[in-house]
Amino acid sequence: MKKFKVAVVGATGMVGNKFLEVLTERQLPVEEYYLFASHRSAGKVINFMGKDHTVIELTEENIKKHPVDFALFSAGGSTSGNFAPIFANNGAVVIDNSSYWRMNKEVPLVVPEVNPDDVKWNKGIIANPNCSTIQAMLPLKALNDKYGIKRVVFSTYQAVSGAGVGGYNDLKNGVEGIAPQKFNKPIAFNCLPQIDVFEEDGYTKEEHKMIDETRKILGLPDLKVTATTVRVPVFHGHSESVNVEFNKPCTLEGIKETLAAFPGIIVQDDIKNCEYPMAITAEGHDEVFVGRIRIDNSVESGCNLWVVADNIRKGAATNAVEIMQLLMK
């Protein structure tokens, strides 16, 4: 079996740490890992898979010194824009977790359970979708294949870890009455109906990401999609209310069977025993959990879903690692 060389870029960050955790669990055919970060973290020693790795400063010279087959990126958009092409030009396939490349027509945007064949047309860079988009794509793909989707309405309840260490600290410190540093309003005991900056049309950048990425991943450029994204005082795990309108008639049983049969989805929908997906129980898992499944009687054919996943695992690190696994095969 071929052995690969892999770079982890942004290895000292929240998603970078999760990359290392997922890679340790999966034990992929990799002969060498190189951990890259900014000059601030360069020289730091990280014990990974029983071996001490010295963090390498992310520079063009160091990239060329350490040729790799794959580079897992979670280092921010500007860093990705500058350095992903350098890795690609030196023979690596970059799997990037930032938003920088997602809507580039030359770059595949991939959720492995949904559009795995799109990895085949990569030109050295593959984009990892937004965390809130990733988890919604599994149930939407399953239902679109069965009924054809006409319209989607997203309402999200997103954990503070989606905003990185700063967001996590704002919630932890906010409980003690300390003013926020990352968010522009207190997140402790509060909900913020703003994720990222506002655009001219009144939607936030996060809402546009969900709308645009959904269309690209599902290959439905004219799909009617709208979104409201909200930051909530939860450390880990994004929750989403997803309202879907179909082109074909649906039944509750058919919807549940279709979702349960789809790879990567776990249906938790026993309302008699109050069993449904929750952020606190999704944490640490790679699957997408779906429950509160109901027929939407306000339209001719539609349903409501409650969709929950660990935003740092499936919503970031795991999805990227799974893309790399597709390429390794």
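**Overview of the fold.** A residue is called buried when its relative accessible area is under 20%, exposed when this area is over 50%, and partly exposed in between, with a 1.4 Å probe and with protein chains only taken into account. By this criterion, 53% of the 329 residues of the protein count as buried. The model is a predicted one, in which local features need pLDDT of at least 70 and side-chain atom pairs count only at pLDDT 80 or more, whereas totals for chains, interfaces and linings use all residues. Residues are numbered from 1 along each chain as its sequence is written, and side-chain values use heavy atoms, with hydrogens and water left out. The protein contains 9 helices and 14 strands, these being DSSP runs numbered from the N terminus (H or I of at least four residues for helices, E of at least two for strands). Its radius of gyration is 20 Å, close to the 20 Å given by the globule rule for 329 residues, so the protein is as compact as a globular protein of that length; the radius is taken over C-alpha atoms, and the rule is 2.2 Å times the number of residues to the power 0.38. Along the principal axes, the C-alpha atoms fill a box of roughly 60 × 50 × 40 Å.

With a disulfide defined as a pair of cysteine sulfur atoms within 2.5 Å, the structure holds 0 disulfides. Cys131 is in no disulfide, the nearest cysteine sulfur being that of Cys191, 17 Å away, and Cys131 is buried at 13% relative accessibility. For Cys303, the closest cysteine sulfur belongs to Cys250 and lies 6.2 Å away, which is too far for a bond. Cys303 is likewise buried, at 0% relative accessibility.

When neighbours within four places in sequence are left aside, Glu206 is in contact (heavy atoms within 4.5 Å) with Asn130, Ser132, Gln158, Ile195, Asp196 and Thr229. Asp196, one of these partners, is placed in the loop between α5 (164–174) and α6. Although Asp196 is not a glycine, its phi is positive, at about 75 degrees, and its relative accessibility of 32% makes it partly exposed.

Arg26 belongs to helix α1 (residues 14–26) and is partly exposed, with a relative accessible area of 26%. Residues up to four places away in sequence not being counted, Arg26 touches Asp286, Thr318, Val321, Glu322 and Gln325. Of the pair Arg26 and Glu322, the C-alpha atoms are 9.8 Å apart in space, while the two residues are 296 residues apart in sequence. Gln27 lies in the loop between α1 and β2 (30–37), where its phi is near 45 degrees, a positive value in a residue other than glycine. At 55% relative accessibility, Gln27 counts as exposed.
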